[in-house]
Amino acid sequence: MNEAVILSNGEFPEHQIPLKILNSSNNLICCDGAVNKLDKVGIMPTLILGDLDSISYELKQKYSSKIIQIERQLDTDLEKALKYCMDANIEEVIILGFNGLRDDQYLSNIFLGWNYSKKLEISMYSNYGSFHFINGSKTFKSFQGQQISIFSDSTNNYIKTDNLKYQLNNTNLPHFFSGTCNESTKDSFTIESNN
């Protein structure tokens, strides 16, 4: 299987888009204690992994055949799941439940997605929006007025856009935060990045 959904132990999906992704997944990897919430809504994970410090004793027993315990404390449970995906030759990953509860973990999870997007195709969906990591060119379905922000970690990254209110034409962003608060002008938009 070349794709997986990873459910992290943050804010549980409630919006229709991440819920649809969660409910339709054929390969659902649960990060440790996220299974406590998942079990309450009657969805069965394909796999549970992590250091198992957050999963209830009852669920450890119930899902004993689906658990992989990884003690490595230098990695978060989400990073353990991403490494597992790479080892299992999974190419596309959608991450849910990565936000909320703790700001430090929220930022860490976004940076993990950013870092691992060099090895995996990663999208992250919350109840409020989504993150997509672009290497090359990508077109997104959209709607007029949809809020779009672009982040770049390099001033040597030249970005071109189509169908955004504030077009970029091989423009570099001088700061990490310089590309926020743009918006789509049509039913799709394209972002092209050289880095």
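**Close-up views of a predicted model**

Four salt bridges are counted in this structure, a salt bridge being a side-chain nitrogen of Lys or Arg within 4 Å of a carboxyl oxygen of Asp or Glu. The model is predicted, so local features need pLDDT of at least 70 and side-chain atom pairs count only at pLDDT 80 or more, whereas totals for chains, interfaces and linings use all residues. Residues are numbered from 1 along each chain as its sequence is written, and side-chain values use heavy atoms, with hydrogens and water left out.

**View A. A salt bridge joins aspartate 39 and lysine 62.** The N to O distance between these side chains is 2.7 Å. The pair links distant parts of the chain, 23 residues apart, with aspartate 39 in helix α2 (residues 34-40) and lysine 62 in helix α3 (residues 57-62); helices are DSSP runs of H or I with at least four residues, strands are runs of E with at least two, and both are numbered from the N terminus. Aspartate 39 has a relative accessible area of 21% and is partly exposed, where buried means under 20%, exposed over 50% and partly exposed in between (1.4 Å probe, protein chains only).

**View B. Aspartate 77 and lysine 80 form a salt bridge.** Their closest N and O atoms are 3.6 Å apart, and because the two residues lie three residues apart in helix α4 (residues 77-87), they are separated by about one helical turn. Aspartate 77 is buried at a relative accessible area of 17%, and lysine 80 is likewise buried, at 1%.

**View C. Lysine 83 meets aspartate 75 in a salt bridge.** The side chains come to 2.9 Å, N to O; lysine 83 is partly exposed at 26% relative accessibility, while aspartate 75 is buried at 9%.

**View D. Helix α1 (residues 16-24) has buried residues Pro18, Ile21 and Leu22.** These residues cover an arc of only 95° around the axis, which puts them on the same side of α1, the arc being that of the directions from the helix axis to the C-beta atoms. Gln16, Lys20 and Asn23, on the other side of α1, are exposed.

**View E. Leu107, Phe111, Phe151, Phe176 and Phe177 make a nonpolar surface patch of about 500 Å².** Patches are made of residues with over 30% relative accessible area and no salt bridge, with nonpolar side chains (Val, Leu, Ile, Met, Phe, Trp, Tyr) joined within 5 Å and like charges within 9 Å. Phenylalanine 111, found in helix α5 (residues 103-116), is partly exposed with a relative accessible area of 45%.

Key
Accessible areas come from the Shrake-Rupley method with a 1.4 Å probe; for residues, only the protein chains shown count as cover.
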